[in-house]
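Subject: The structure I promised you

Hi there,

Here is the structure we talked about, ready for you to open. My notes on what turned up in it follow just below.

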Amino acid sequence: MRGFLPAPILALLLMLSAAALHPATASEGAPGALPPSVRIKPLMVPVVNGGRIEKYTQVEVNLEIGDALRLGEVQLSIPRLHDAILTAIYTGIDEGWIVRGNIANVPALRRRIGESVVAMFGKDVVTRILITPIARQSSLQ
């Protein structure tokens, strides 16, 4: 049985040689694997008309984490993130980025959230911000 390698060692050698042939694929992880993300629970956004709150709508924010080793730190900071995102939303209402509950200027809101995230964690920890409108609530009256 000279010249034969045990199956686990042979499999490891095959994987290493495949990684050497395709280094970009090896460093990216499994094909189709999504980067880790942190979901901020739906936030209530007031629908303001004529200086009065008519009703509320909900917005969900997902943060894609570029450095998986920092995922735990980001998860522990969800209360601070929640506050920072609400602050950005209310700034958006004041600045006219959110009009009657609809996000009219998503890039500006995303940029404001991004600035808060960079202030908390530094650059390149959060690589993408997804803002999703969820649903409208009934009126207050």
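Asp124 is exposed, with a relative accessible area of 55%. You will find Asp124 in the loop between α5 and β5, and its phi is positive, about 70°, although it is not a glycine. Most residues other than glycine have a negative phi. Arg100 is another residue other than glycine with a positive phi, in this case near 50°. Arg100 sits in the loop between β3 and β4 and is partly exposed, at 42% relative accessible area.

Before you go further, please keep in mind that this is a predicted model. The pLDDT of the chain averages 80, and 72% of the residues score at least 70. Over residues 16-28 the pLDDT is below 50, and this stretch has one contact in the model beyond near neighbours in sequence.

Now for the overall picture. The chain has five helices and five strands, which run along the sequence in the pattern α-α-β-β-α-α-β-β-α-β. Of the 141 residues in the chain, 28% are buried. The accessible surface is about 9400 Å², and carbon and sulfur atoms account for 59% of it. If you take the contacts between residues at least 6 apart in sequence, 66% of them join residues at least 24 apart.

What lies inside? The largest nonpolar core has 27 residues, and those touching the most other members are Val61, Leu63, Leu81, Ile89, Leu109 and Ile113. At least two residues of this core come from each of β1, β2, α4, α5 and β5.

Helix α4 deserves a look of its own. This helix covers residues 78-95, and at 1.5 Å a residue its 18 residues should span 26 Å; the end C-alpha atoms are 25 Å apart, which agrees. Buried in α4 are Leu81, Ala84, Ile85, Ala88, Ile89, Thr91, Gly92 and Ile93. The cover over these buried residues includes β1 (37-49), β2, α3 (71-76), β3 and α5 (106-121). After α4 comes Gly96, with a positive phi near 90°.

Next, the charged pairs. How many salt bridges does the model have? The count comes to five, and here are some of them.

- Glu54 pairs with Arg100, and their closest N and O atoms are 2.9 Å apart. Glu54 lies in strand β2 (residues 52-65) and Arg100 in the loop between β3 (98-99) and β4 (102-103), so this pair ties together parts that are 46 residues apart in sequence. Glu54 counts as partly exposed because its relative accessibility is 25%, and this is the Arg100 with the positive phi I mentioned above.
- Arg128 and Glu64 meet through their side chains at 3.9 Å, N to O. Since Arg128 belongs to strand β5 (residues 126-136) and Glu64 to strand β2, the pair ties together parts 64 residues apart in sequence. Arg128 is exposed, at 55% relative accessible area.
- Arg70 and Glu73 form a salt bridge with their closest N and O atoms 2.6 Å apart. Both ends are partly exposed: Arg70 has a relative accessible area of 24%, and Glu73 is at 34%.

Is Gln58 buried or exposed? Gln58, which lies in strand β2, counts as buried because its relative accessibility of 18% is under the 20% cut-off. From Gln58 to Pro42 is 16 residues in sequence and 5.8 Å in space, C-alpha to C-alpha. Asn102, found in strand β4, counts as partly exposed at 44% relative accessibility. Asn102 and Val59 are 43 residues apart in sequence, and their C-alpha atoms are 9.9 Å apart in space.

Those are my notes; happy browsing!

Best wishes

Definitions and conventions: Residues are numbered from 1 along each chain as its sequence is written. Side-chain values use heavy atoms; hydrogens and water are left out. pLDDT is the predictor's confidence in each residue, from 0 to 100. Contact means heavy atoms within 4.5 Å. A salt bridge is a side-chain nitrogen of Lys or Arg within 4 Å of a carboxyl oxygen of Asp or Glu. Helices (H or I, at least four residues) and strands (E, at least two) are DSSP runs, numbered from the N terminus. Buried means under 20% relative accessible area, exposed over 50%, partly exposed in between (1.4 Å probe, protein chains only). The expected span of a helix is 1.5 Å times one less than its number of residues. Accessible areas come from the Shrake-Rupley method with a 1.4 Å probe; for residues, only the protein chains shown count as cover. A nonpolar core is a set of buried Ala, Val, Leu, Ile, Met, Phe, Trp, Tyr and Cys residues joined through side-chain atoms within 4.5 Å.
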